[in-house]
Amino acid sequence: MPDQTWTPGACSIVGIGETDFSKASGRTPLTLAAQAARAALADAGIAPRAVDGVVRCDMDLVSAPALADSLGADDLTYWGEAGPGGSGPAAMVGQAVAAINSGLATTVVVFRSLNGRSGNRYGLVGEHGAVGGDNNYEEFFLPFGMQTPGQFFAVVARRYAHEHGLSIDELSHGLGSIAMAGRAHANNNPAAQFHQRTMSREDYLASRMLSSPLRLFDYCLETDGAAAVVVTSTQRARDLAGVHVPVLSVAQGTGRGVQPGQMFPALLRKSITTWPSAATAPTVFGRAGVTAGDVDVAQIYDCFTITALIQLEDYGFMAPGRAAYVTPEDLSVGGRLPFNTSGGHLSEGYIHGMNHVVEGVRQVRGTSTNQVDGAEISFVSSAPPPGASAMILGVDR
Amino acid sequence: MTDAQPSPVLPVVDDVDTGEFFAAAARGEIAVRVCSACRADVHLPRENCPQCGAFSREWRVVPPLGALYSWTVVEHQVHPATPVPYTVVLVEVDGTDGVRLVGRIDGRAELEIGQRMEAWFEQVDDVTLPQWRPIRTDEESTA
Ligand SMILES: [Zn+2]
């Protein structure tokens, strides 16, 4: 539903920054966050001490004041966070916009930093004590063998195939197309972890089954690294040296009956093949005043191939049940929806959705290594299951 | 079960919102939270009913039967107490407002979505876990 108080493009992303992406950074998350934030501020032409707002992901180990301290900020007048986890990045930019529009801050750094491979790896069951309690509801899942995000998404994927009358081979075709499209883009992106590794459909199908019907190449890359953007008012952005990219819209959504807890409880929603992204879609497009058909390029959260496939339908880029018939060409530059043009989580690196925001900005600036000619409407999603957020970037007119 | 060495992953069984599920399992029953005011099933269990807003702590016993909603065969080892391959099933419980429960089957089970499932009760240390398996009877063919 269009929100009467939302002003498209009131704020802009004026700087982007990333660290290298690796399996072992050898640095703390605070160091990574400071590197990415300083790179983004340098890109914006803004002195680090001028930062007065910081927004973090609720799973980050780095606090907002800690990053502000590292940046030598004079004073932090606003900090906030969003999540859970990967549902955060677009929402985090939304918090920056809200803070700026309401006068709580002028210059906001939004960041995600993690040693996702060498540090705390996700999806590992605790080795100590009983699980569950205090409304995290893990007692209904972990003791029964449902223990990782991959197993969760595997159950979703099989149900998706069932509801749409697809064989597992047909499902795997669609999942493989998504993996291949991201990989081909990574092969053109020197910053991507899989820059040098090509992948054919045969390579995809030959990859090890981890939790059927999901294979190794349906899973994202656990990554060490950080990404950050700087947000300020578009009015102020016009006086900066760099190219600013207006935030046409940002939206969060849960839909009804989202379930408590973080991930596994989503298996108990009325539908497990349509997600909070479906509830977010009309808000994010309505606020920007555009439709899915207007989108020139999309960065879709892809912790797993099935995660991206379902969102292609939830956001209206493809009809329900049709995303499984997508081809790598459909998702390539020059195809019907150029997708994850940095390689995404599957092939660039897993910075929990923040690298998707950075790549969405690059596309409007015309600086992607897989540039879509004349891209003006750039879509970015941040993942379900716990909730969803999304944003649409555009050009200043 | 042959997982003698590694400690199994066990649930908290005394949580105020969920403990009765495991207490019922120890009696050989499947119980779900039901709203005392509007009679809606409230799963995952909590006191505040999303349908009508009432607070209550009532449980009801439901049939140990259901239909397979989805499943996966886990091939990649994660926790040492759950050796692969094993199958995780998601079962929609009969006679409920779409209550689904998770169970584990050793090995690579041959399954089909929609097929009939029944609960059985696994004793692990001093905890009882309701598990689910296919019903091996003639009615299987009618699923
Ligand atoms: Zn009620």
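At 9% relative accessibility, Arg104(B) is classed as buried, because any residue under 20% relative accessible area falls into that category. This residue belongs to strand 5 of chain B. The side chain of Arg104(B) makes a polar contact of 3.4 Å with the side chain of Asp106(B). The model in which these residues are found is a predicted one.

On the side of chain B that touches chain A, the contact takes 38 residues, and chain A supplies 43 residues. Together, chain B and chain A bury about 3400 Å², and 60% of this area is on carbon and sulfur atoms. Which elements of chain B give two or more residues to the side that touches chain A? They are helix 1 (19-26), strand 3 (65-74), strand 4 (86-93), strand 5 (100-106) and strand 7 (127-134). Strand 3 of chain B provides the largest share, namely six residues. Sorted by class, this side of chain B has 22 nonpolar, ten polar and six charged residues.

The interface may also be described by its polar pairs. Across the interface of chain B and chain A, 23 residue pairs are in polar contact, both residues being at pLDDT 80 or more. The number of salt bridges found across this interface, in contrast, is zero.

Salt bridges do occur in the model, however, and the count over all chains comes to 21. One of them joins Arg49(A) to Asp74(A), with 3.1 Å between the closest N and O atoms. Arg49(A) lies in the loop between helix 1 (29-44) and strand 2 (53-57) of chain A, and Asp74(A) in the loop between helix 2 (64-70) and strand 3 (78-82), so this pair ties together parts that are 25 residues apart in sequence. Both Arg49(A) and Asp74(A) are exposed.

Another salt bridge in chain A links Arg159(A) and Glu163(A), whose closest N and O atoms are 2.9 Å apart. Both residues lie in helix 4 (residues 149-163), four residues apart, which is about one turn of the helix. Are the two partners buried or partly exposed? Arg159(A) has a relative accessible area of 12% and is therefore buried, whereas Glu163(A), at 35%, is partly exposed. In chain B, Glu29(B) forms a salt bridge with Arg27(B), the closest N and O atoms being 3.5 Å apart. Glu29(B) is partly exposed, with a relative accessible area of 28%. Salt bridges may also share partners: in this way Glu18(A), Glu359(A) and Arg362(A) are joined into one network.

A loop of chain B deserves attention next. Ala54(B) is placed in the loop between strand 1 (30-34) and strand 2 (58-62) of chain B. Its C-alpha atom is separated by 7.8 Å from that of Ser36(B), although the two residues are 18 residues apart along the chain. Leaving aside residues up to four places away in sequence, Ala54(B) touches Cys35(B), Ala37(B), Glu47(B), Asn48(B) and Cys49(B).

Finally, database records name a region in each chain. An unreviewed UniProt entry gives the annotation "domain: ChsH2 C-terminal OB-fold" to residues 59-122 of chain B. This span is 0% helix and 56% strand, and its end C-alpha atoms lie 21 Å apart. For chain A, the annotation "domain: Thiolase C-terminal", also from an unreviewed UniProt entry, covers residues 270-383. That span is 34% helix and 7% strand, with its end C-alpha atoms 19 Å apart.

Terms used. Residues are numbered from 1 along each chain as its sequence is written. Chains are lettered from A and ligands numbered from 1 in the order in which they are written. This is a predicted model: local features need pLDDT of at least 70, side-chain atom pairs count only at pLDDT 80 or more; totals for chains, interfaces and linings use all residues. Side-chain values use heavy atoms; hydrogens and water are left out. Contact means heavy atoms within 4.5 Å. Buried area is the accessible area (1.4 Å probe) that two parts lose on being put together, summed over both. A salt bridge is a side-chain nitrogen of Lys or Arg within 4 Å of a carboxyl oxygen of Asp or Glu. A polar contact is a pair of N or O atoms within 3.5 Å; within protein, one must be able to donate a hydrogen and the other to accept it, and residues adjacent in sequence count only if both atoms are side-chain atoms. Ala, Val, Leu, Ile, Met, Phe, Trp, Tyr, Cys and Pro count as nonpolar, Asp, Glu, Lys and Arg as charged, and the others, Gly among them, as polar. Buried means under 20% relative accessible area, exposed over 50%, partly exposed in between (1.4 Å probe, protein chains only). UniProt positions are given in the numbering used here, feature names are shortened, and annotations may be inferred rather than shown by experiment.
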